[in-house]
Amino acid sequence: MDPAQPETAQIPSGKSNTELLRKLSATVNGQAAAATFACGGSVDPATTSNGTPGVTIRWDVSGCRDVHKTSFPGPGVDALVQRCEAATFGLGNCDVLDEGYRKAGKLDNTAFSTDFHPHDYGIVDAVQQILMPPGGESEPRCVRGELYKLN
């Protein structure tokens with residue numbers, strides 16, 4: 001075989017598409033048990049890796065020029081919670097607001113800022129190592145953390 005030519009898959013004679021799809025499905029499902037799709041953990045906001053005390057969140061108040069802030073650990077959480085809007089959740093292809101099932105608040109990233117950076121705590125590196133272990137890819141894969149919403 002010429003290494004400069006891409007390898008093409010050949011469909012064995014006498015094999016139906018249904019049989020091939022069944023075998024592919026069995027192979028993929030067999031790998032599902034070994035695949036990691038989520039990871040979790042916690043950080044202590046009182047101690048940061050860069051030596052600064054606590055985590056600070058600043059947020060806007062609608063229709064006002066005032067900016068509020070609170071540091072964790074510390075007081076001020078009630079004012080932040082009051083500023084949050086009701087958060088929906090995904091159900092099928094819809095966004096649903098059902099506070100009997102899930103009562104949560106949110107702030108969009110345009111309404112708050114924080115000095116918390118997941119890279120400072122090694123969170124992004126841990127997520128990358130757990131969810132995207134090395135596997136012989138020719139190009140490196142990486143995870144990027146970005147500010148989305150405060151829930």
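Residues are numbered from 1 along each chain as its sequence is written, and side-chain values use heavy atoms, with hydrogens and water left out. Because the model is predicted, local features need pLDDT of at least 70 and side-chain atom pairs count only at pLDDT 80 or more, whereas totals for chains, interfaces and linings use all residues.

The protein chain contains three helices and eight strands; helices (H or I, at least four residues) and strands (E, at least two) are DSSP runs, numbered from the N terminus. Along the sequence these elements follow the pattern α-β-β-α-β-β-β-β-β-α-β. Of the 151 residues in the protein chain, 11% are buried. Buried denotes under 20% relative accessible area, exposed over 50%, and partly exposed the range in between, with a 1.4 Å probe and protein chains only. A contact is defined by heavy atoms within 4.5 Å. Among contacts between residues at least 6 apart in sequence, 44% join residues at least 24 apart.

Two strands are taken to pair if DSSP finds at least two bridges between them. Strand S1 (55-60) is joined to strand S2 (residues 67-72) by six bridges, and the two run antiparallel. Within this pairing, Asp60 has Val67 in S2 as its bridge partner. S1 also pairs with S7 in the antiparallel sense, over three bridges. Here the bridge partner of Arg58 is Ser113 in S7.

An open sheet of three strands has the order S3-S6-S8 and antiparallel pairing. Its edge strands are strand S3 (85-86) and S8, each of which pairs on one side only. Two bridges connect S3 to strand S6 (residues 105-108) in the antiparallel sense, and Ala86 stands opposite Gly105 in S6. S6 is likewise joined to S8 by two bridges, again antiparallel, with Leu150 in S8 as the bridge partner of Leu107. In general, strands of a sheet pair through backbone hydrogen bonds, either parallel or antiparallel.

Lys106 lies in strand S6. Lys106 counts as buried because its relative accessible area is 16%. Beyond its neighbours within four places in sequence, Lys106 is in contact with Cys84, Glu85, Ala86, Ala87, Lys149, Leu150 and Asn151. The side chains of Lys106 and Asp108 are joined by a polar contact of 3.5 Å. A polar contact is a pair of N or O atoms within 3.5 Å; within protein, one must be able to donate a hydrogen and the other to accept it, and residues adjacent in sequence count only if both atoms are side-chain atoms.

Asn151, one of the contacts of Lys106, lies in the segment after strand S8 (149-150). Asn151 is exposed, as its relative accessible area is 61%. Apart from neighbours within four places in sequence, Asn151 is in contact with Ala87, Arg102, Gly105 and Lys106. Asn151 and Val81 are 70 residues apart in sequence, with a C-alpha to C-alpha separation of 9.6 Å.

Glu146 is located in the loop between helix H3 (123-131) and S8. With 54% relative accessibility, Glu146 is classed as exposed. A polar contact of 2.5 Å joins the side chains of Glu146 and Arg144. Glu146 and Pro118 are 28 residues apart in sequence and 8.8 Å apart in space, C-alpha to C-alpha.

Pockets were located on a 1 Å grid over the protein atoms alone: a pocket is an open set of points where a 1.4 Å probe fits, with protein on both sides within 12 Å along at least five of seven lines, and lining residues have an atom within 4 Å of a point. Grid points are joined across faces, edges and corners, and a volume is the space filled by probe spheres set on the points. The largest pocket holds about 570 Å³ of space. It is lined by 18 residues, of which Thr114, Phe116, His117, Pro118 and Leu147 are the closest to its centre. S1, strand S7 (112-114) and S8 each supply at least two residues of this lining. By class, the lining has 12 nonpolar, four polar and two charged residues. Ala, Val, Leu, Ile, Met, Phe, Trp, Tyr, Cys and Pro count as nonpolar, Asp, Glu, Lys and Arg as charged, and the others, Gly among them, as polar.

The second largest pocket has a volume of about 170 Å³. Its lining includes Cys39, Val43, Tyr121 and Ile130, and comprises seven nonpolar, three polar and no charged residues.
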